[in-house]
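Visitor: I have a model open on the screen. Can you walk me through it, question by question?

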Amino acid sequence: MDKLIITGGGPLSGEIRISGSKNSALPILAAALLAETPMQVGNLPHLHDITTMLALLRCMGVGVTIDERLCVEVDNDSITDYTAPYELVKTMRASILVLGPMLARYGEANVSFPGGCAIGSRPVDIHLRGLEAMGADIEVDGGYIRARSKGRLKGTHFFMDTVTVGGTENLLMAAVLAEGKTVLENAAREPEVVDLANCLVAMGANIEGIGTDTLTIEGVPGLTGCRFDVMPDRIETGTYLVAAAASRGSVKLKDTNEKILESVLLKLEEAGAHISCGSDWVALDMKGNRPKAVNLKTAPYPAFPTDMQAQFTAMNAVSEGTGAVTETIFENRLIQIHELNRMGASIKLEGNTAIVTGVEKLKAAPVMATDLRASASLVIAGMVAEGETMVDRIYHIDRGYECIEEKLQMLGANIRRVPG
Ligand SMILES: CC(=O)N[C@H]1[C@@H](OP(=O)(O)OP(=O)(O)OC[C@H]2O[C@@H](n3ccc(=O)[nH]c3=O)[C@H](O)[C@@H]2O)O[C@H](CO)[C@@H](O)[C@@H]1O
Ligand SMILES: C=C(OP(=O)(O)O)C(=O)O
């Protein structure tokens, strides 16, 4: 298993490019299953999760061609199998996103039940209830969700009792081909849901209320492929900004957009960062100062994203003062604090809140990555710790950060990958 070796050092500084969004690319690749003609998806990040989604499409018989600029052409003319097998789904929960499109287009889908993972139980009950409300027959058999529809799905009025990103995406992709009108209430408003909706509209879908919590979809009989470039990765952007803040540095991130990061930028300003932005860049400068610890609480967009919580916890660990970090989305997503404490952090857990009292310096230690964003927090901690930190099980980080060690090296970090 590969490991990252990080020697803590000075402030990060320099310029890097932000990649396309993982969490936007995954549903958009699934949406390609809805198109009657080939679809081209551009600005894809080079990540394990994208490779997994392409492998999933291929294993169903979908034609996938990748050009040298990582634009993928998806042609589902030759689809032979409506099954998303356990071997692929177990490595990436977002595989569940093929359920809605397959059922809507082909009237049949067999998707392995994704199950729980390190950050929580992550049920898919809302996805399934929404599809049932559209007339699908669903049974769980042998660990698989087996969904069938006689003819087209039917439009419905469906209230999601929890705000769910994946649930909204799955039901939206099913509704665009359903017969009649679907109203999805209490829908997720995350920028990645908006990106998917805009892509579906470009394919010929009829969706109103994009970016609000009520999506109204008038189903159409067919969709065509189009060329669509996925949005920049707001979590990758936020992660590098937090890494720079924790290290008292100054960075400029290109090919990204501050408009999708409002709650994160506000917290960074509260921590003492100077933020400046242009049409396609965001910069942060700590002017050499130590960050101040911030309080935060995760919640659905536009509030503070759960996917940025672990990185801020690492920053608070070396900040001035005490910050309370409350996780409200996933029940086990403060898992990284035990590893941070092994590096000399002072973090106490009170229910779903981590009380983080900043220390002047962390101390290097061998640590274990447990999930994607927890891994990012350990890398940030390693960069501001005294000595050499080894982060093990970094396959988690390769799910979501393109060329992380190269990008951090460009910002002056002392980080290298050792194959294991
Ligand atoms: C690939 C992708 O885009 N992943 C993101 C997506 O995950 P994902 O789409 O899996 O997360 P959800 O928004 O669905 O989960 C939000 C909450 O709803 C609950 N829930 C969800 C579905 C359901 O049927 N029943 C139910 O109870 C979950 O357990 C969780 O407590 O949104 C999360 C919340 O912003 C992010 O952390 C993930 O990075
Ligand atoms: C939790 C995440 O991803 P996934 O939903 O794919 O596990 C994430 O991107 O932080």
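Visitor: What sort of model is it, and how is it numbered?
Guide: This is a predicted model, in which local features need pLDDT of at least 70, side-chain atom pairs count only at pLDDT 80 or more, and totals for chains, interfaces and linings use all residues. Residues are numbered from 1 along each chain as its sequence is written, while chains are lettered from A and ligands numbered from 1 in the order in which they are written.

Visitor: Which residues does UniProt list for "binding site"?
Guide: The unreviewed UniProt entry lists Arg93, Asp307 and Ile329. UniProt positions are given in the numbering used here, feature names are shortened, and annotations may be inferred rather than shown by experiment.

Visitor: Where is Asp307?
Guide: Asp307 is in the loop between β18 (296–297) and α10 (309–317). Helices (H or I, at least four residues) and strands (E, at least two) are DSSP runs, numbered from the N terminus.

Visitor: Is Asp307 buried or exposed?
Guide: Asp307 counts as buried because it has 25 C-beta neighbours inside 10 Å. The cut-offs: buried means 20 or more other C-beta atoms within 10 Å of the residue's own, exposed means 12 or fewer, and partly exposed is in between, with C-beta atoms placed from the backbone.

Visitor: What does Asp307 touch?
Guide: Not counting residues up to four places away in sequence, Asp307 touches Ile235 and Arg373. Contact here means that the C-beta atoms, placed from the backbone, lie within 7 Å.

Visitor: And where is Ile329?
Guide: Ile329 is in the loop between β19 (322–326) and α11 (337–342). Ile329 counts as buried, with 20 C-beta neighbours inside 10 Å. Leaving aside neighbours within four places in sequence, Ile329 is in contact with Thr298 and Thr306.

Visitor: What surrounds ligand 2?
Guide: The shell of ligand 2 holds Asn23, Arg93, Ala94, Asp307, Leu372, Arg373 and Gly400. A residue is near a molecule if its C-beta atom, placed from the backbone, lies within 6 Å of it. This shell divides into 2 nonpolar, 2 polar and 3 charged residues. Ala, Val, Leu, Ile, Met, Phe, Trp, Tyr, Cys and Pro count as nonpolar, Asp, Glu, Lys and Arg as charged, and the others, Gly among them, as polar.

Visitor: Which residues come nearest to ligand 1?
Guide: Of the 22 residues around ligand 1, Asn23, Ile126, Thr164, Val165 and Gly166 come nearest. The shell around ligand 1 has 9 nonpolar, 8 polar and 5 charged residues.

Visitor: Different topic. Which residue is listed for "active site"?
Guide: UniProt's unreviewed entry lists Cys117. Cys117 is in the loop between β7 (108–112) and α5. With 15 C-beta neighbours inside 10 Å, Cys117 counts as partly exposed. Beyond four places in sequence, Cys117 is in contact with Arg93 and Arg122.

Visitor: What is phi at Arg122?
Guide: Phi of Arg122 is near 45 degrees, a positive value in a residue other than glycine.

Visitor: Back to β19. Which residues are on its covered face?
Guide: Gly323 and Val325 are on the covered face of β19, and Thr322, Ala324 and Thr326 are on the uncovered one. In a regular strand the side chains alternate between the two faces of the sheet.

Visitor: Which peptide bond is cis?
Guide: A cis peptide bond joins Tyr301 and Pro302, with omega about 15 degrees. Pro302 is in the loop between β18 and α10.

Technical notes: Contact = placed C-beta atoms within 7 Å.
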